[in-house]
Amino acid sequence: MLKGISDVNIAWEMACVELKKKVSVQTFEHWFNPIVPVDFKDGKIVLGVSDDFFADWLLSNYEDILAEALSAAMGQETALELKLGYLPPESVQIKEECPEKLVNGGTTAAVPNAKSVVNAQAPNCLQRHTFANFVVGEENRYAYTAALTAGQSPGGVYNPLYIYGGTGLGKTHLLQAVAHEVLQHNPRARIEYTTCESFLNSYVDSLQQKKHGEFRGHFRNVDVLLIDDVHQLANKIQLQEEFFNTFNTLYNGNKQIILTSDKQPCEIHGLEERLVSRFEWGITTEITAPGLETRLAILRMKQQEHLIKLDDDVLFFLASNITSSIRRLEGALLRLVAFSSAMSNCKITVQKAEELLGKLIEEDASGKKISIDNILKSVADYFELRVHDLTGSRRPKNIVEPRMIAMYITRTLTAFSLPEIGMAFGGRNHATVIHAVKKVRSDCEKDENMRRTVSMLERQVQRGVS
Ligand code: ADP
Ligand code: MG
């Protein structure tokens with residue numbers, strides 16, 4: 001029986017031998033190769049994986065296989081613990097070529113060379129979170145441009161940059177992309193990417209270990225500070241004080257600060273006014289739920305990343321049915337990838353996808369049953385109109401604008417097609433809907449009040465169903 005931390009690599013290698021007997025080469029490469037052995041003692045092995053998504057997927061799909069392989073390798077039942085935040089060593093090396101193309105049911109996916117080459121490692125960041133791997137759509141264009149500009153010229157006009165929006169919409173991806181981008185231009189740049197939660201943990205540890213000076217010195221001496229999920233600062237008075245001082249030091253030294261959150265600064269209850277105002281000093285931009293075209297574009301890119309080529313009707317099926325977040329969309333795609341590789345690249349039809357993803361689609365729909373009726377009601381209530389004013393044919397200005405806003409929100413938050421939206425708005429044609437969407441979008445770009453009103457209504461509609 002193997003014992004002790006030094007044996008963890010051997011223990012994991014032996015388990016891998018067993019695993020390779022049980023799963024296909026692709027499954028092994030995809031799900032087991034990236035695992036980092038961390039510790040092995042007292043009959044328990046600790047394995048490191050990149051993030052919660054990976055851990056969830058591993059446990060829900062391969063927990064039994066993993067347990068069997070561990071027991072077979074170790075000759076006794078072995079407990080398993082997964083730790084997050086571990087990247088496989090090869091993921092931080094220069095990646096110049098994609099592996100072999102993969103065949104799915106006779107259709108060959110031509111996989112282009114990876115566009116992004118990461119030379120220096122951004123600490124705590126996933127290598128795939130680059131700008132090159134980020135699909136730009138109307139919903140995230142401004143956030144993308146601002147983040148890219150900040151990555152290329154840190155401490156410039158977009159400082160601080162504050163990106164907010166719902167979960168799974170790409171905030172962390174953009175934040176980490178900035179880290180990679182900065183390092184491409186300046187491999188010596190000191191970059192700190194951290195979640196607000198780890199910032200808190202490091203702060204508490206530093207107090208406990210009487211190393212507060214070190215903590216302070218570390219965070220106040222970076223060139224780029226990237227803090228994810230700052231809404232978690234809410235009600236943590238001491239941490240806010242610490243953060244306020246760090247912010248001031250960095251800002252005064254022209255260092256780049258980028259923050260993400262699920263809300264606008266002024267909506268975070270329990271955040272001191274002085275922090276709210278600092279967060280709003282620079283650029284505040286929102287990422288909204290991706291529309292159908294963006295979802296399709298994301299799927300097209302992700303299938304290349306995951307070396308699969310699905311038929312267009314399957315992609316359309318996924319994009320139309322999983323609408324709430326890109327994380328879920330990716331999860332759905334990965335389920336199909338895993339199935340295809342486990343079944344020797346069997347062809348995935350819409351029917352098969354429906355069968356494999358039924359539960360996920362149901363969850364997505366129950367989490368986000370945004371109906372056009374809900375949107376009409378919210379918009380009508382807000383502007384003190386009646387629903388049939390919005391769907392009717394009258395055209396006074398006080399009705400036309402809310403009607404266009406309602407069409408825009410329907411287009412942004414639901415998967416209804418343009419003709420379906422036109423129909424729901426009193427039988428208008430699809431060109432009218434396109435015009436409304438464009439007009440509201442450009443008004444939002446020009447007019448802060450319009451942007452706030454639309455965002456507030458969007459969130460209200462989303463909250464109404466969650
Ligand atoms: P958030 O931080 O907003 O909750 P993440 O940045 O973690 O969301 O994104 C969730 C997943 O979706 C990640 O795998 C990310 O790479 C992917 N993703 C989000 N937006 C995009 C995009 N525009 N293009 C490509 N992938 C995206
Ligand atoms: Mg995030």
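Begin with the protein chain as a whole: of its 466 residues, 50% are buried, where buried means under 20% relative accessible area, exposed over 50%, and partly exposed in between, with a 1.4 Å probe and protein chains only. This is a predicted model, in which local features need pLDDT of at least 70 and side-chain atom pairs count only at pLDDT 80 or more, while totals for chains, interfaces and linings use all residues. Residues are numbered from 1 along each chain as its sequence is written, and side-chain values use heavy atoms, with hydrogens and water left out.

Next, colour the aromatic residues: the whole structure holds 18 aromatic pairs, a pair being rings of Phe, Tyr or Trp (its six-membered ring) with centres within 6.5 Å, called stacked when the planes are under 30 degrees apart, edge-to-face over 60 and tilted for the rest.

Select Phe 215 and Phe 219, whose ring centres are 4.8 Å apart with planes at 50°, so that the pair is tilted. Phe 215 is buried at 5% relative accessible area, and Phe 219 is buried too, at 4%.

Move on to Tyr 251 and Trp 281, another tilted pair, with centres 5.0 Å apart and planes at 40°. This pair links distant parts of the chain, 30 residues apart, with Tyr 251 in helix 8 (residues 237–252) and Trp 281 in the loop between helix 9 (273–279) and strand 10 (283–287). Tyr 251 is partly exposed at 27%, as is Trp 281 at 43%.

Terms used: Chains lettered and ligands numbered in written order. Helix = DSSP H or I, 4+ residues; strand = E, 2+ residues; numbered from the N terminus.
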